[in-house]
Amino acid sequence: MVGGGIFSLPQNTAAGAGVGATVLAWCITGLGMLALALVFVNLTLRQPQLDSGVYAYARAGFGPFVGFSSAWGYWFMAVLGNVGYYVLLFSTLGHYLPVFGDGNTPVAVASASVMLWGMHFLVLRGIREAAFINQVTTVAKLVPLALFVLLVGLAFRTDVFTQDMWGHANPALGSVTDQVRSMMLVTVWVFIGVEGASVCSARAERRVDVGRATLLGFLFTLALMVSVSLFSLGVMTQPELAVLKNPSMAHVLAHVIGPTGAALISLGLLISLSGALLSWLMLSSETLYMAARDGAAPAWLAQANARGAPTKAMWLTSGCVQTFLLITLVSNSTYLSLVNLGTSMVLLPYSWAALYGLGLAWRGQGYGPAQTSLRRRDLAIATVAVVYAAWLLYAGGVKYLLLSALLYAPGAVLYAAGQRAQGKPMLSRREWPMAVAVLAAAAVAGWGLKAGWLSL
């Protein structure tokens with residue numbers, strides 16, 4: 001969860017919301033994501049045979065097509081996230097070395113490509129070795145983040161924080177509801193990864209550790225994210241934060257202690273992104289690998305090497321990241337637009353998981369006769385998670401739903417081809433309407449992009 005998003009959080013949140021709306025958005029996000037995290041914890045305990053998180057829950061609850069689509073959406077989110085991370089990493093270096101520009105110059109893309117394939121071959125050496133390196137980078141990146149919270153917290157001023165609380169001085173922000181909506185995709189983005197322990201649960205030595213990792217990781221990250229966001233609004237006003245370049249945390253700390261602060265955060269970002277890129281290469285490849293292992297994805301994606309690394313899934317992942325990196329050379333897409341599109345891709349996988357958790361609690365599946373109160377509690381939690389997921393789909397808006405459909409469509413085609421190659425019907429009677437709906441929405445999105453009324 002603590003990857004690159006937190007380093008751009010002050011500007012990303014201030015770009016569309018005042019202080020009051022920001023506080024409201026964090027309350028909604030905190031409650032909703034806590035409910036979703038508890039759903040993942042509960043599913044881990046109630047369905048221990050399901051080893052691959054969001055994909056497995058969607059498949060168990062709604063069939064192989066929805067399961068594969070969930071895996072595809074989660075995987076595509078990771079691909080877009082990795083591209084965004086590379087852009088952010090080299091735009092940070094561009095602050096010191098102009099040749100990297102905003103992270104999408106030829107030199108930046110070439111350097112990112114070298115780093116991408118270095119990560120690729122590192123994970124091919126084994127999941128455990130890559131996970132150890134990720135643990136080291138996690139510890140290293142928390143030091144500058146802790147210093148930021150401490151120093152900016154000490155510099156916090158109430159008069160700055162309470163200035164124009166609801167953004168009335170800036171009509172472009174819109175109503176409070178509009179401001180909260182504009183923040184939702186950003187706040188969800190920084191928590192993507194809360195399901196990471198569930199995705200890799202097949203590799204856990206003890207099942208109970210999956211739930212503990214999910215809950216403790218979420219609570220720690222929530223405290224860190226809220227502190228970074230709100231403390232920043234106490235040292236710089238919303239209009240000042242909104243125009244900062246990313247990583248905006250560097251500029252906020254520089255405002256407090258001078259250029260040393262910017263250098264410290266930039267170093268922390270470079271370390272953090274290195275670990276995050278490694279994590280998401282593992283998570284995304286693992287999702288496709290598990291889907292193929294269960295027969296929902298083409299069989300060739302289930303191939304692994306002697307060290308347990310999912311080779312074909314990794315080649316597909318790295319190849320797609322490389323393709324999108326090359327696209328950034330001719331695209332005007334910003335880090336924030338990549339974040340919003342990536343977040344929209346994960347909304348449906350989260351929704352399916354929440355609905356599956358709700359269904360289990362409603363039917364009492366996995367609960368004993370003496371666990372009525374526990375079942376009621378889990379039913380309430382899952383209901384909150386479903387409502388929150390529905391709110392996110394609304395907050396994302398029609399634009400990102402259509403763009404998501406455009407990226408989901410190739411997955412539907414790939415699934416049908418894989419089923420046919422296995423001698424099975426391409427789609428069941430229940431699956432055909434869903435596939436047609438995805439392809440129709442993708443056609444509308446394609447027409448919108450060509451006509452110019454839809455853009456990234």
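Please keep in mind that the model is predicted. We start with helix H5 and its buried face, then look at how H3 packs with H4 and how H13 crosses H14.

**Helix H5**

- Helix H5 covers residues 106-124, and its 19 residues should span 27 Å at 1.5 Å a residue; the C-alpha atoms at its ends are 27 Å apart, so the expectation and the model agree.
- The buried residues in H5 are Ala108, Val109, Ala112, Ser113, Leu116, Met119, His120, Val123 and Leu124.
- Viewed down the axis of H5, these buried residues stay within an arc of 140 degrees, so they line one face of the helix.

**Helices H3 and H4**

- H3 (residues 53-62) packs with H4 (residues 64-94) at an angle of about 160 degrees, and their axes are 7 Å apart.
- Because angles over 145 degrees count as roughly antiparallel, H3 is roughly antiparallel to H4.
- The crossing in which H3 passes H4 is right-handed.
- On the H3 side, Val54, Tyr55, Ala58, Arg59 and Phe62 take part in the contact; their partners in H4 are Pro64, Val66, Gly67, Phe68, Ser70, Ala71 and Tyr74.

**Helices H13 and H14**

- The axes of H13 (residues 259-293) and H14 (residues 311-327) come within 8 Å and cross at roughly 125 degrees.
- These two helices are therefore oblique to each other, and H13 passes H14 in a right-handed crossing.
- Where they meet, H13 contributes Leu281, Ser284, Ser285, Leu288 and Tyr289, while H14 contributes Ala313, Met314, Leu316, Thr317 and Ser318.

**Phenylalanine 191**

- You will find phenylalanine 191 in the loop between helix H8 (176-189) and helix H9 (196-199).
- Phenylalanine 191 and methionine 1 are 190 residues apart in sequence, yet their C-alpha atoms are 5.3 Å apart in space.
- Leaving aside residues up to four places away in sequence, phenylalanine 191 touches Met1, Trp26, Thr29, Met33, Phe218, Thr221, Leu222, Met225 and Tyr350.

**Threonine 237**

- Threonine 237 sits in the loop between helix H10 (207-232) and helix H11 (238-242).
- Apart from residues up to four places away in sequence, threonine 237 touches Val160 and Gln163.

Terms used
Residues are numbered from 1 along each chain as its sequence is written. This is a predicted model: local features need pLDDT of at least 70, side-chain atom pairs count only at pLDDT 80 or more; totals for chains, interfaces and linings use all residues. Side-chain values use heavy atoms; hydrogens and water are left out. Helices (H or I, at least four residues) and strands (E, at least two) are DSSP runs, numbered from the N terminus. The expected span of a helix is 1.5 Å times one less than its number of residues. Buried means under 20% relative accessible area, exposed over 50%, partly exposed in between (1.4 Å probe, protein chains only). The arc is that of the directions from the helix axis to the C-beta atoms. Axes are lines fitted to C-alpha atoms, for helices over the stretch in contact, and angles run from 0 to 180 degrees between N-to-C directions. Angles under 35 degrees count as roughly parallel, over 145 as roughly antiparallel, 65 to 115 as roughly perpendicular and the rest as oblique. A crossing is left-handed if the near helix is turned anticlockwise from the far one by less than a right angle, and right-handed if clockwise. Contact means heavy atoms within 4.5 Å.
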